[in-house]
Amino acid sequence: MTTELFEYLLRLGDNSLVLGHRLSEWCGKSPILEEDIAISNTALDFIGQTQLWLGLAATVEGQGRSADDLAMLRDVWDFRNLLLVEQPNGNFGETIMRQYLFDAWHVLLLDGLTRSHHQEISAIAQKVVKEVRYHIERSRDLVIRLGDGTPVSHEKMQIALDRLWPYVGEMFDVDPVEHTLIEQGLIPDTSTLRAAFDAEVLKTFATATLTLPSSNFAHLGGKSGKRHSEHLGHLLTQMQWLQRAYPGATW
Amino acid sequence: MYAQMVTSDPRDETVEGQAFQARIDAGEKIEPRDWMPEGYRKTLIRQIGQHAHSEIVGQLPEGNWITRAPTLERKAILLAKVQDEAGHGLYLYCAAETLGVSRDEMTEMLLDGRMKYSSIFSYPTLTWADMGAVGWLVDGAAIMNQVPLQRTSYGPYARAMIRVCKEESFHQRQGFDIMMKMAKGTPAQKKMAQDALNRFWYPSLMMFGPSDKDSVHSAQSMAWKIKMNTNDELRQKFVDLTVPQAEYLGLTIPDPDLKWNEERGHYDYSEPDWSEFYDVLKGNGPCSVDRIETRKKAWDDGAWVREALMAHSEKQKTKVAAE
Amino acid sequence: MTEPKAPEWPLWEVFIRGQHGASHRHVGSLHAPDAEMAIKHARDVYTRRKEGVSIWVVPTTAIAASNPDMKGPLYDPSDSKPYRHPTFFDIPKEIGTM
């Protein structure tokens, strides 16, 4: 059980870590000051969530590693984040679409995790779910506004949705790691959350005048660590550079 | 400083102008709807605008290291700090907007070179120790200037500065904290720290601007209380405070002539190379072109977003009106 | 920037109520396309340090202000009414708090 729990906590932590990193890339470069500040707030929430999840993962592992060790000293094959979150920022619309698809799943997942039989998981989820409820308020609103904005913005948002939709399926794919934890009442069964997710996004995309792609093909391999995209390695070369170049230093 | 070499328009010698000066002398605050001389208004737009631009361009040298911060905590702190700078830019633009200039107009003037930003942000950040040096020296220098500006005569500017100073109090401390870790770290970290100090010392001294002993502009701005101290006063104060901090860190300030002057009760120090300063102001700093290109790209790339969000709101209003 | 410029987002004034029941206070301004976004932006811009629990936004153009030239006639007359302040009255110490 410890192995599966550790794996799963890495999934939660790595999602926050990688997505927070991606969002932080916008700092100083957003379309307008107000959005620059807002997107940094979201990024800060994710960095905080990373500290909590990876911190718990390190405790569960019990090998004396810290959250920072896990973030900075693992290579691509040891990362357990969804393929969705490692996708590059693209234009602002793609970033917002990626965020919305993630938030729509994340909020349902965290709501389930608040009822985990694992005390620490439940406690962290209760704190984090509040942040995530605001994230989806914001990303949903922006998807609607940009989707139903100008012809230019509509087209960009449709392209973003088509490009990112194949990464949605992985969020609901229940593998043996999750099965074990579901049976023990530690985590919700994400496959049961799909209906609520679909209802949420269908409503939003209808309002945003966007068309849901017809294929439900799903890329897999991120959260299992079997096959990440090429993008993750580049992200890690930046994120981990100092720790790798100056091993053992205290910062 | 964040507003360097702001030229001040001449005083208004009419009856209204004199009454206006009397109000300032009496310590009254000037508010947006009050009568004010055209020179005061124009000088303030230049000064507040340049200050705001400095905050926004100032996001970039530190933003350069957000994705490379060495720990999760350092990453969060640095991101929060750079985000604060965006906020400070926003407060300052709003203060300038009360004088009848729009943020979009100011942004365009920054991007086409009609308005400037502080020389310091045209220097590159090359190592993690630069995050320490920028917080410690650059924010340290900025605070010297901003604290007195909380008492400046123009109400909206003073209020923006109060907010900025309140939020900024953690910025310099986080920089010094990075420097402490580096200076007491491995030999490589210590080398990094010294290298950062070597590169940022003189550019930090330049932030206060050249000596303004004989500057007519400065005298006018001081009479209007939109400049509260002379450049030399602030620079001396900065040196006096910083030298003992460098000693505490065990780092050497790159000035062989730096020494305590018992008689003056101040440190004597070498002047920075002012020709370098003027080059940077003219747009020939090591990163001047990159900085403006980055801002211009962000602004141009974001145009469709700003436009679409506005278009959506307009559509909604029309819908509501039709119902 | 050769295309015709899109109009700038309108300006909003932001008022925030702190945690301890005091009135909403003006804290600053920001740009937003409409009220809903202005509130979201205000949350992100002006409550980063938990400064408040309630936000009002008002279009800057909707604010009517008193005339600064009338400062004297408007506010000086209250100078001559010191009896409106409790310190005007001397209450003997023996009476205690009043």
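**Stop 1: a patch on chain C**

Select C:Tyr83, C:Phe88, C:Phe89, C:Ile91, C:Ile95 and C:Met98: these residues make a nonpolar surface patch of about 690 Å². The model is a predicted one. C:Ile95 has a relative accessible area of 48%, so it counts as partly exposed.

**Stop 2: chain A against chain B**

Show chains A and B together. The contact involves 48 residues of chain A and 49 residues of chain B. About 4000 Å² is buried between chain A and chain B, and carbon and sulfur atoms give 70% of that area. Next select A:Pro31, A:Leu33 and A:Trp251; they supply 18% of the area that chain A buries against chain B, more than any other three residues.

Now turn to the charged pairs. There are 2 salt bridges between chain A and chain B. One of them joins B:Arg103 to A:Glu34, with the closest N and O atoms 2.7 Å apart.

To see which parts of chain A face chain B, colour chain A by secondary structure. The elements that give two or more residues to the side touching chain B include helix H1 (2-24), helix H2 (33-61), helix H5 (92-113) and helix H6 (119-147) of chain A. The largest share of that side of chain A, 11 residues, comes from H2(A).

**Stop 3: chain C against chain B**

The area buried between chain C and chain B is about 2200 Å², with 52% of it from carbon and sulfur atoms.

How many salt bridges cross the interface of chain C and chain B? The count is 5. For one salt bridge, select C:Arg48 and B:Asp84, whose side chains meet at 2.7 Å, N to O. Polar contacts across the interface of chain C and chain B amount to 10 residue pairs, again with both residues at pLDDT 80 or more.

**Stop 4: A:Asp14**

Return to chain A and select A:Asp14, placed in helix H1 of chain A. Is A:Asp14 buried or exposed? Its relative accessible area is 0%, so A:Asp14 is buried. A polar atom of the A:Asp14 side chain lies 2.9 Å from the backbone nitrogen of A:Arg80. Leaving aside neighbours within four places in sequence, A:Asp14 is in contact with residues including A:Leu54, A:Arg74, A:Asp78 and A:Phe79.

**Stop 5: two positive phi angles**

Select A:Thr209, in the loop between helix H9 (194-207) and H10 of chain A. A:Thr209 is not a glycine, yet has a positive phi of about 60°. Its relative accessibility is 38%, so A:Thr209 counts as partly exposed.

Finish in chain B with B:Lys225, in the loop between helix H9 (216-223) and helix H10 (231-249) of chain B. B:Lys225 has a positive phi of about 55° and is not a glycine. With a relative accessible area of 27%, B:Lys225 is partly exposed.

Key:
Residues are numbered from 1 along each chain as its sequence is written. Chains are lettered from A and ligands numbered from 1 in the order in which they are written. Side-chain values use heavy atoms; hydrogens and water are left out. Patches are made of residues with over 30% relative accessible area and no salt bridge: like charges are joined within 9 Å, nonpolar side chains (Val, Leu, Ile, Met, Phe, Trp, Tyr) within 5 Å. Accessible areas come from the Shrake-Rupley method with a 1.4 Å probe; for residues, only the protein chains shown count as cover. A salt bridge is a side-chain nitrogen of Lys or Arg within 4 Å of a carboxyl oxygen of Asp or Glu. Buried means under 20% relative accessible area, exposed over 50%, partly exposed in between (1.4 Å probe, protein chains only). Contact means heavy atoms within 4.5 Å. Buried area is the accessible area (1.4 Å probe) that two parts lose on being put together, summed over both. Helices (H or I, at least four residues) and strands (E, at least two) are DSSP runs, numbered from the N terminus. A polar contact is a pair of N or O atoms within 3.5 Å; within protein, one must be able to donate a hydrogen and the other to accept it, and residues adjacent in sequence count only if both atoms are side-chain atoms.
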